[in-house]
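Biologist: I would like to learn how to read a protein model step by step. Could you take me through one, giving the general idea before each case?

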Amino acid sequence: GWVGKGESWVTRVAPTGTRAGCIFELSSAMARGHRLVVELRPEDRGELRRLLETEVGTMATIISSIDANAAQVSKVEDRDYIVAAVEEAGGFDEVDRLVKGALREWLVGAAREALSAAEARGEGALALVNGLSNLLQDMGRYEDAAPLLRRALDGYEAALGPTHPST
């Protein structure tokens, strides 16, 4: 998966959406009703909150850039099988829709989980609230985003004052 390191992004495995076999397997499982579960290594879990606070837009952009039609196939003989199966499952656009949707929902769930954990510990979570609200807006989920946007606005107003540009 992708891991943020300061201002640069590095990958520890093939970038999301570049391996045709993985996209095919993921979309096939989801088409059969299975849900996506993302498991992070312990050292990556610690980094997730920071990413959700500061780079949720970048993460969403990476998800948006997934293009199953451009995915790589390491074995030429696998390409015909994968292409036929993808077409049978609704085509590359449907695969993209399924994979992107599942990853976006995971990202929202991870942000909500991080927010709940921060609140349970009594930590300030304004950046998480803001990141989650922006993610929901980008997904067109305005009714879900509205209370978080109000909460972020109230938090910025309390912290920075009503006339600060961030408010």
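Predicted model: local features only at pLDDT ≥ 70, side-chain atom pairs only at ≥ 80, totals over all residues.

Biologist: How do the residues lining the second largest cavity divide by class?

Modeller: For the second largest cavity, the division is 9 nonpolar residues, no polar and no charged. Its volume is about 40 Å³, and its lining is made of Ala20, Ile23, Phe24, Ala68, Ala71, Ile82, Val86, Phe92 and Val95. Two or more of these residues come from each of H1, H4 and H5, and the largest share, 3 residues, belongs to H1.

Biologist: What percentage of the residues count as buried, and which residues have the most contacts inside the largest nonpolar core?

Modeller: The general idea is that, in soluble globular proteins, nonpolar side chains tend to be buried together. In this case, 33% of the 167 residues of the protein chain count as buried. The largest nonpolar core has 40 residues, and those with the most contacts inside it are Ile23, Leu52, Val99, Leu107, Leu115, Leu128 and Leu132. Two or more core residues come from each of helices H1 (20-31), H2, H3 (56-64), H4 (76-88), H5, H6 (126-138) and H7 (142-160). H5 supplies the largest share of this core, 13 residues.

Biologist: If I pick Val99 from that list, which residues is it in contact with, leaving aside its neighbours within four places in sequence?

Modeller: Leaving aside those neighbours, Val99 is in contact with Ile23, Leu26, Ser27, Met30 and Ile66. One of these partners, Ile23, is also among the core residues with the most contacts, and Ile23 belongs to the lining of the second largest cavity as well.

Biologist: Turning to open spaces, which residues lie nearest the centre of the second largest pocket, and how much space lies in it?

Modeller: About 300 Å³ of space lies in the second largest pocket. It is lined by 14 residues, and Leu40, Arg45, Leu48, Ala110 and Glu113 lie nearest its centre. The elements that give two or more residues to this lining are H2 and helix H5 (92-120), and H5 gives the most, with 6 residues. By class, the lining of this pocket divides into 8 nonpolar, 1 polar and 5 charged residues.

Biologist: Helix H2 also holds Glu47, so does Glu47 count as buried or exposed?

Modeller: A residue is called buried when its relative accessible area is under 20%. Glu47, which has its place in helix H2 (residues 42-54), counts as buried because its relative accessibility is 18%. The side chains of Glu47 and Arg50 are joined by a polar contact of 2.7 Å.

Biologist: Where does Thr167 lie, and which residues does it touch beyond those up to four places away in sequence?

Modeller: Thr167 lies in the segment after H7, and with 24% relative accessibility it counts as partly exposed. Beyond its sequence neighbours up to four places away, Thr167 touches Leu153, Tyr156, Glu157, Leu160, Gly161 and Pro162. The C-alpha atoms of Thr167 and Tyr156 are separated by 5.3 Å, although these residues are 11 residues apart along the chain. The side chain of Thr167 also reaches the backbone oxygen of Tyr156 at 3.4 Å, and a polar atom of that side chain lies 2.8 Å from the backbone oxygen of Gly161.

Definitions and conventions
Residues numbered from 1 in each chain as written. Heavy atoms only, no water. Helix = DSSP H or I, 4+ residues; strand = E, 2+ residues; numbered from the N terminus. Buried < 20%, exposed > 50% of the residue type's maximum accessible area, 1.4 Å probe, protein only. Polar contact = N/O pair within 3.5 Å; in protein donor to acceptor, adjacent residues only side chain to side chain. 1 Å grid on protein atoms, 1.4 Å probe; cavity = no way out; pocket = protein on both sides within 12 Å on 5 of 7 lines; lining within 4 Å. Points joined across faces, edges and corners; volume = space filled by probe spheres on them. Nonpolar A, V, L, I, M, F, W, Y, C, P; charged D, E, K, R; others polar. Core = buried A, V, L, I, M, F, W, Y, C linked by side-chain atoms within 4.5 Å. Contact = heavy atoms within 4.5 Å.
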